[in-house]
Amino acid sequence: MNFSEFLNSRRDACRALVSELGKNFAYVTVLGSDVKSTAIRVNRNTSDIGEGGAAECGFVVKMHNGRAFFEYSLDDITGDIPALAKRIVDSVKVEDSIIDKEISVKLPADESMVRSFSRECDFDNYSDEELLKKCTEIRDAILSKSDKLLNAMVAIMPFTVSKLFISKNRELDQFYSWVNVMAVGVYRDSGKMVMAREGTYSNLMSEALAEMPSHLDRLVEKCEKLANAKPIVPGVYDVITDPSISGLIAHEAFGHGVEMDQFVKDRALAKHYVGDYVASPICNMHDGAAATFSTASYFFDDDGVLAHDTQIIKDGILVAGISDLVSATELGTEPTGNGRRQSYKRKAYSRMTNTFFSPGKDKLEDMIASIKHGYMLFETNNGMEDPKNWQIQCTAEYGIEIIDGKLTDNYVSPVVMSGSVPELLKSISMVSDDFKIIGAGSCGKGYKEWVRVSDGGPALKVRVKLA
Amino acid sequence: MMNRVINILKSTSGISDWKVNSTKTESTELFFVHKSLETVRSTDTTDLKVTVYVAHDGALGEASFSVYSSYNDEKIAEEIEKAKKKAGIIANQSYSLPENESGEYAANSNFADYDPRKLASLIAEAVFEADCTEGGSLNATEIFVYRDTVTVKNSRGIDKTQIKYRAMVETIPTFNGEESVELYEQYNFTEFDREAITAEISKRMREVRDRYEAKPPVEKLVCPVVLDAPELEQLVGNYIGSLNFSSVYQHSNAFSVGDDIQKDAKGDRLTLSMRGRIIGSVRSSAFDGDGVTLVDREIIKDGVGVALWGGTRFAQYLGEAPTGNLGCISLACGTLTDEEKRKAPYFRCASMSGLQVDIYNDYIGGEVRLGYYFDGEREIPVTGISISGKLSTAIANMRLSNEATTYEDYNGPKCALLNGIEIV
């Protein structure tokens with residue numbers, strides 16, 4: 001598989017549109033997106049091959065008139081380019097009643113660059129029949145493991161991304177792929193029904209498929225344990241977080257908290273704490289499409305800015321935020337390659353990519369052994385940010401009780417962790433020396449603008465309120 | 001484009017049936033930083049999706065794909081052939097597509113009376129009219145005005161189109177003092193009512209001032225918890241999935257028809273209906289994605305599941321009549337008067353990070369960013385706490401307000417009073 005033929009066929013038209021709109025606007029860019037996405041799903045009773053949710057094909061034109069920004073999203077750029085340019089100019093005109101409200105921001109930089117990026121993809125090696133068969137085999141393997149399983153749902157969801165970015169001085173294109181393989185067990189025991197999930201992911205189908213069979217025993221074991229899980233007694237506990245929950249904390253605490261479009265809007269307390277201790281001195285945190293390799297590892301962002309590795313927290317000190325082109329322009333900083341759109345139909349915002357804590361020096365077994373009574377928390381369910389007031393809510397799928405330094409067989413589910421971000425991060429007393437990134441996430445901003453993200457890190461020892 | 005696609009579908013052999021869904025969306029969007037207009041957006045896009053059905057070996061397979069405006073006839077034919085091949089390897093239980101209905105429906109909205117650009121600016125004015133409290137401000141505001149033209153056609157004579165209007169305001173009420181606090185507000189509507197918009201944002205401005213003044217309680221609060229309509233909608237919304245035809249067919253439903261979801265109830269019994277339309281709801285619709293005309297259905301009566309609901313495919317699998325995929329919830333009011341509610345202390349959740357409801361693990365809880373403790377005389381703003389409890393206990397002892405309200409896709413009691421929830 002290669003870069004989109006469709007986008008290649010529209011290069012000249014995009015260049016012509018940039019030139020034509022340049023007569024009205026000082027800064028013009030075009031981003032073309034062609035995302036192919038498939039979802040193959042099998043469960044006990046049905047199977048489906050359809051288009052995945054990420055599929056899209058279209059363009060967004062971004063303009064700056066010397067004061068404010070303007071955008072127009074459309075399905076195709078072809079035909080009479082001057083007429084199209086006129087339609088765009090007319091469509092983004094502002095009513096007289098609010099024109100005096102236009103912000104005044106300097107022009108973004110448009111440095112020269114022409115580059116093509118591509119990453120290996122093996123999706124062409126797998127036919128729909130083969131992938132459907134694989135789903136069916138995995139489903140049957142799960143169902144064979146327990147007669148208490150009501151259903152097993154398996155999905156293979158590959159997608160390829162082609163993006164073309166053209167401005168007056170810049171022409172970039174990129175092609176990359178990702179696949180998520182998901183398995184879900186639906187299990188009933190003693191009248192209680194539970195669901196458990198396992199996932200694998202990679203840029204290569206071969207890797208994601210090869211890894212899944214080793215997860216199936218754990219999936220069914222988890223079903224059994226969750227069916228007998230008890231509610232947690234609310235309180236403040238010593239807690240070990242698995243890499244998924246560590247990543248969720250990073251994401252909600254100082255991922256959303258350092259999205260610099262929030263700095264512009266005075267929505268992030270972090271704006272006032274750059275250079276200050278916000279976490280334990282053994283805490284280091286990064287974000288970036290180039291910071292590690294996972295689902296958000298693109299080559300350039302939706303503003304045409306190359307991928308970065310941004311260190312957000314260094315030895316407990318907040319050192320930097322992440323930005324899209326507009327917020328960086330407004331703040332007078334360099335954009336960090338974090339301008340992302342849900343699709344070509346939506347605005348770009350400052351968004352996370354791959355967000356994680358760096359590994360530490362502790363052994364996980366020593367961390368568990370250090371706890372008299374507490375919990376180890378596993379698997380992200382969801383989380384909610386509050387960058388202004390530094391509150392945090394993270395929901396784990398389950399926890400396992402630790403008594404006298406040992407993991408027990410006592411499962412609790414679900415577990416909601418909440419509290420103050422600095423109190424939580426400053427309570428980090430141990431950081432494990434291992435590291436894992438979970439590449440199956442998606443993230444909204446507020447309650448919309450969903451993009452694919454990964455997060456993770458080592459295990460952390462914290463003290464926090466659980467309910 | 002749609003007609004071109006249909007002509008090629010009709011001329012393709014080996015297809016049992018087909019369906020084409022089209023949504024043309026035109027939007028005007030304004031993005032403000034504080035009161036300054038940072039970005040103006042406009043969109044004109046069309047999603048066109050084709051589903052191909054192939055009957056084989058007593059089974060039915062289907063596969064879908066998008067058609068993009070760049071596709072010529074040759075490309076469309078190629079994609080249809082690919083989908084036909086995919087559908088040929090899928091073997092699901094057969095079902096029939098809905099037949100022989102056509103119609104054009106226009107949503108009852110005054111948006112049609114306005115130029116979208118003008119409407120967006122009027123909405124902005126209405127929002128900023130609420131930005132007038134001392135110490136308060138709206139730090140970010142996004143305004144979206146949409147016009148959707150939704151069409152579904154199939155090979156069995158379904159040909160329906162509806163025009164829908166919707167608007168969304170996302171804004172961040174903020175109060176600035178020694179510290180600065182904010183709340184999140186997302187307000188969806190289908191009718192332009194300047195006073196209603198200003199009133200909604202003004203209410204949030206008052207709440208954010210309260211959040212600024214709010215303090216964690218000195219002592220642990222032990223009292224019933226009150227959920228307002230937004231959280232109540234989330235709570236009851238968790239029960240509707242189990243009564244959907246697809247959940248039952250796929251064995252993923254937590255309960256079913258005949259099951260009492262309020263065992264040992266001591267409060268008001270739940271009576272809940274799924275509805276196609278609620279005035280003002282952006283999820284109101286005349287028909288679903290298959291073209292099935294939406295039919296309201298009562299699914300829970302007096303706390304007991306009484307009927308299933310959902311789309312045509314899984315309805316046919318279960319031998320039931322489809323309701324279509326209904327998007328709105330109607331919950332019957334209860335017996336709790338405002339006077340009765342105020343006879344004893346309670347804790348009201350005004351703004352939560354997100355109510356967590358886990359029907360499988362029997363859990364309800366979440367972090368409360370702004371709550372009000374009613375001490376028997378007045379509501380005192382409280383923050384820094386969470387709620388947590390057993391869902392089954394909360395539901396069994398729930399009292400529902402006798403006053404109705406409408407919030408987005410929910411029409412029902414304006415609040416619920418829950419016992420047995422821990423406030424921590």
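Q: What does an axis stand for when two helices are compared?

A: An axis is a line fitted to C-alpha atoms, for helices over the stretch in contact, and the angle is taken between N-to-C directions. In this predicted model, the axes of helix α3 (residues 116-129) of chain B and helix α4 (residues 194-213) of chain B come within 7 Å and cross at roughly 40°. That angle makes α3(B) oblique to α4(B).

Q: Which handedness does the crossing of α3(B) and α4(B) have, left or right?

A: The crossing of α3(B) past α4(B) is right-handed.

Q: Which residues of α3(B) and α4(B) meet?

A: From α3(B) come B:L122, B:I123, B:A126, B:V127 and B:E129, and they meet B:R194, B:I197, B:T198 and B:I201 of α4(B). By class, this contact holds 6 nonpolar, 1 polar and 2 charged residues.

Q: How many bridges join β11 of chain A to β12(A)?

A: Strand β11 (residues 310-314) of chain A and β12(A) run antiparallel and are joined by 2 bridges. Opposite A:L318 in β12(A) stands A:I313.

Q: What is the extent of the contact between the chains?

A: In chain B, 59 residues are in contact with 65 residues of chain A. Strand β2 (residues 36-56) of chain B gives the most to the chain B side, with 11 residues. That side divides into 19 nonpolar, 26 polar and 14 charged residues.

Q: In which sense, parallel or antiparallel, does β4 of chain A pair with β2(B)?

A: Strand β4 (residues 69-74) of chain A pairs with β2(B) in the parallel sense, over 6 bridges. A:L74 has B:D44 as its bridge partner in β2(B).

Q: How is chain A divided into domains?

A: The division gives domain 1 (5-38 + 47-117), domain 2 (118-157 + 177-226) and domain 3 (235-466). The C-alpha centres of domain 1 and domain 2 of chain A are 39 Å apart. Between these two, 5 residues of domain 1 are in contact with 4 residues of domain 2.

Definitions and conventions. Residues numbered from 1 in each chain as written. Chains lettered and ligands numbered in written order. Predicted model: local features only at pLDDT ≥ 70, side-chain atom pairs only at ≥ 80, totals over all residues. Contact = placed C-beta atoms within 7 Å. Helix = DSSP H or I, 4+ residues; strand = E, 2+ residues; numbered from the N terminus. Nonpolar A, V, L, I, M, F, W, Y, C, P; charged D, E, K, R; others polar. Pairing = 2+ DSSP bridges. Axes fitted to C-alpha atoms, helices over the stretch in contact; angles between N-to-C directions. Parallel < 35°, antiparallel > 145°, perpendicular 65-115°, else oblique. Left-handed = near helix turned anticlockwise from the far one by under 90°. Domains from an automatic or database assignment.
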